[in-house]
Amino acid sequence: MKNQKSKKGGFTSGLGFILAAAGSAIGLGNLWAFPYKTAKNGGAIFVLLYIACVLFIGAITMICEIFVGRRAQANPISAFKKVHKNLGWVGLIAIAVPTIIVCYYSVLGGYTVKFATNSFFGNADGLQAFASSSWQVILFTAIFMLLALTVVMAGVKGGIEKASKVLMPALFILLVAVVIFVLCLGEGVAEGLAYYLIPDFSKLSFSTILAAMGQAFYSLSLGMGAMIVYGSYTGKEINIVKSTGMICVFDTLVALLSGLAIFPAVFHFSAIAGVDTSTLNLNGIMLMFETLPKVFESIGFFGNIIEFFFFVMVAIAAVTSVISIMEVASQFVIQKFKISRKIATAAIALTTFAVAVPVSISLGHLLNGSSQMTILGMDWLSFLDTVTNTVLMPLCALLSCITVGWFIGPKQTLAELKADGNSFGKLETFVGVMIKFVVPALILLIEILGVIDLIFPQGAFSLNGLGVVLIAYGLFALLIGAYFLFLRNGETGTNADEIA
Ligand code: PHE
């Protein structure tokens, strides 16, 4: 009975699951971080390193996360509790981290919605004007959150799966259309491709490898509860290993294609308008919201249409990612407090929105060159991003791997996977060693080097950096304490608790 009920609320097909998980994975990390990191870190070399990281570290971690959720058919706290009662706090961290991320990712999501709706009215000098108009940023953040909220409220089957089945193919078609258009622009295209992909072996260093690993983790939505939660909504009929393979392929493909659109477009613009590319900002938020709109709008009418396609695509990518992390907190609140999905999701959206408001105002100040509203020398968005991305996410992924590799154990894990039809064949021993030793060791390295870089950026001690690290680990300790005080002994619920 219980099983039937939980299945009713979960994904109905393997494809639904794959598209939803790909929706989580494909986000701003693919569309803007991957291309500029590739260009900065040696082009094709970085791409190869990245693919190796996805294959050997990312995919295995993803299998572990989906596996932990699937075998428990429950939220992350109950899932880790199932392994050992004293491990449930790992689940609490896997719920807290994505909830913090919702608060700032939604602000960027608001920007994407704004730029999509605005593409016909001219975005070119829009970034600063928009960023400094607090009410507008807050409004668009609210619109973006409402979009995600509507989907999450409709449930896993009726909302997340359904939306992913429409939105993910749409995203892919839009992306391919933009790439084809850009590659046909002629002048500048070859230079753009060269800038993006020509291998530069001199850039190959330890820190490049580290950058590739970090990017792979972020891009695959690991260490943020999403895969554990989506995994909990799958049954034995869904093959974890094959699904993971597909999710990784889609995620990498979209990241690669995105660069094929961005750099040729930028170099075309610089050739036509006689602008030196070295004067253009090709990093992160500026690349996306300042340079690219300028580039598209210089192309004229078709440029505006492509700009519209492009930002709708980015907005879709962002919304399907936020859906997955909103679901993490929703699932837990529904199951722990036995309340309806609608109320739980609305409460989470309201709470995260309350934090998103100061985040958006602080980002506005930053983009306008003011240093108002900073925490330890950073705007709120960068602060929350650093606390989660650099410190807590690798830690969370590491703890998940350790749980699987050491507490459940590779033998048991492989046997359970095999019983569900997931066989690694001859690779079994290799996968076992990876799960137990290699992957945890590499993630630990990412964590340690990330923290060192925060405290000693460019080799010099930074008090602010130390502050950020202390706050992140402080939060970590607080969450562990909260688990043992409030959650260890009580019921924390399972998927079967949700009234479908
Ligand atoms: N994989 C996502 C990306 O590439 C990371 C993410 C997932 C961020 C979910 C926020 C929410 O953008």
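Residues are numbered from 1 along each chain as its sequence is written, and side-chain values use heavy atoms, with hydrogens and water left out. Because the model is predicted, local features need pLDDT of at least 70 and side-chain atom pairs count only at pLDDT 80 or more, while totals for chains, interfaces and linings use all residues.

Trainee: How many helices and strands does the protein have?
Mentor: Both kinds of element are DSSP runs numbered from the N terminus, a helix being H or I over at least four residues and a strand being E over at least two. Counted in this way, the protein has two strands and 20 helices.

Trainee: What is the radius of gyration of the protein?
Mentor: The radius is taken over C-alpha atoms, and the globule rule is 2.2 Å times the number of residues to the power 0.38. For 500 residues that rule gives 23 Å, and the protein comes close to this value, so it is as compact as a globular protein of that length, with a radius of gyration of 22 Å.

Trainee: Which percentage of the 500 residues is buried?
Mentor: A residue is buried under 20% relative accessible area, exposed over 50% and partly exposed in between, using a 1.4 Å probe and protein chains only. By that criterion, the buried share of the 500 residues is 58%.

Trainee: Is Leu478 buried or exposed?
Mentor: Leu478 belongs to helix H20, which spans residues 463-487. Its relative accessible area is 62%, and therefore Leu478 is exposed.

Trainee: Which residues does Ser270 touch, not counting those up to four places away in sequence?
Mentor: Ser270 sits in helix H13 (residues 240-273), and at 11% relative accessibility it counts as buried. With contact meaning heavy atoms within 4.5 Å, the residues that Ser270 touches beyond those sequence neighbours are Val275 and Thr277.
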